[in-house]
Amino acid sequence: MCACTSISRRLWVAGAMLFLIAPSDAGAQSGGVSSQQASSQESQDHRLLLYNTHTGERIELVYRHGDQYIPGALAKLDYFLRDHRTGDVHHFDPHLYDILSDLTLAIGHPGGEIDIVCGYRTSSTNESLRAHTTGVAKNSLHIQAEAIGLRMPGIDTLKLRKAALALRRGGVGYYPHSDFIHVDTGRVRQWCFDCPPSLIAGD
């Protein structure tokens, strides 16, 4: 009787220990799901689809993986956004690509195609444009590869401008007669070229 009682007690204790351990295992599994979700966010791909209106080239790539920019993708974008008049290439501020990506998200077309009207400009190209056209700044951030002129197929450019202004991530210019906007990584500011007062005020 004593031996049986002793065995029964040991079995009951072992069962109780297993019961006590189970919640700990469940917590570990729950923590594992949370870690996977965090890992998924950290590994999120950031993609761009661009069309160059001057060269007729189109590029679609992942330029950032989580918080890490992809050097090879940035190099391809630098070439894609080269000064098409001279062929000169300049390294762009990658935060500009984040503005483009967030802009497509802000207007409800994440990953939508962006038509590039102007990318990098050499100083000589900028001066030539200033001599023959209006609305070109002497110290344009295009010269520093910190600005892009763009539009999006099927998206009203005024709507695009309002979305860019709402991001408050740099300068936003609006050129309604040429149907494009300018975004850059400079200080937060806005302008409207040859516009009525309501648009100049950012309405």
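Q: By class, how many nonpolar, polar and charged residues does the lining of the largest cavity have?
A: This is a predicted model: local features need pLDDT of at least 70, side-chain atom pairs count only at pLDDT 80 or more, and totals for chains, interfaces and linings use all residues. A cavity is a set of points, on a 1 Å grid over the protein atoms alone, where a 1.4 Å probe fits but cannot get out; lining residues have an atom within 4 Å of a point. Ala, Val, Leu, Ile, Met, Phe, Trp, Tyr, Cys and Pro count as nonpolar, Asp, Glu, Lys and Arg as charged, and the others, Gly among them, as polar. On that basis, the lining of the largest cavity has five nonpolar, two polar and two charged residues.

Q: Which elements give two or more residues to the lining of the largest cavity?
A: Residues are numbered from 1 along each chain as its sequence is written, and side-chain values use heavy atoms, with hydrogens and water left out. The lining consists of I99, A164, L167, R169, G170, G171, V172, V183 and D184. Helices (H or I, at least four residues) and strands (E, at least two) are DSSP runs numbered from the N terminus. Two or more lining residues come from each of α5 (157–167), β6 (171–175) and β7 (180–184).

Q: What volume does the largest cavity have?
A: Grid points are joined across faces, edges and corners, and a volume is the space filled by probe spheres set on the points. The structure holds one cavity of 30 Å³ or more. The largest cavity has a volume of about 40 Å³.

Q: In what order do the elements of the protein run from the N terminus on?
A: The protein has six helices and eight strands. From the N terminus on, they run α-β-β-β-α-α-β-α-β-α-β-β-β-α.

Q: Is R82 buried or exposed?
A: R82 lies in the loop between α2 (71–80) and α3. Its contacts beyond four places in sequence are T55, E57, G87, D88, V89 and Y120. Buried means under 20% relative accessible area, exposed over 50%, and partly exposed in between (1.4 Å probe, protein chains only). R82 has 12% relative accessibility, so it counts as buried.

Q: How far apart in space are I143 and H90, C-alpha to C-alpha?
A: I143 is found in the loop between α4 (123–132) and β5, and it is buried at a relative accessible area of 14%. It touches H90, Y120, R121, T122, S123, N126 and K138, leaving out residues up to four places away in sequence. I143 and H90 are 53 residues apart in sequence, and their C-alpha to C-alpha distance is 8.8 Å.

Q: Which residues lining the largest pocket are the closest to its centre?
A: A pocket is an open set of grid points with protein on both sides within 12 Å along at least five of seven lines. About 620 Å³ of space lies in the largest pocket. Of its 34 lining residues, the closest to the centre are R121, G135, V136, H142 and F180.

Q: Which element gives the most to the lining of the second largest pocket?
A: The second largest pocket has a volume of about 150 Å³. Its lining has two nonpolar, five polar and three charged residues. β1 (45–52) and α3 each supply at least two lining residues. With four residues, the element that gives the most is α3.

Q: Near what value is phi of R168?
A: R168 is found in the loop between α5 and β6. It is exposed, with a relative accessible area of 59%. Its phi is positive, in a residue other than glycine, and lies near 50°.

Q: Is D194 buried or exposed?
A: D194 lies in the loop between β8 and α6 (197–200). Its phi is a positive value near 55°. At 54% relative accessibility, D194 counts as exposed.

Note on methods:
Contact means heavy atoms within 4.5 Å.
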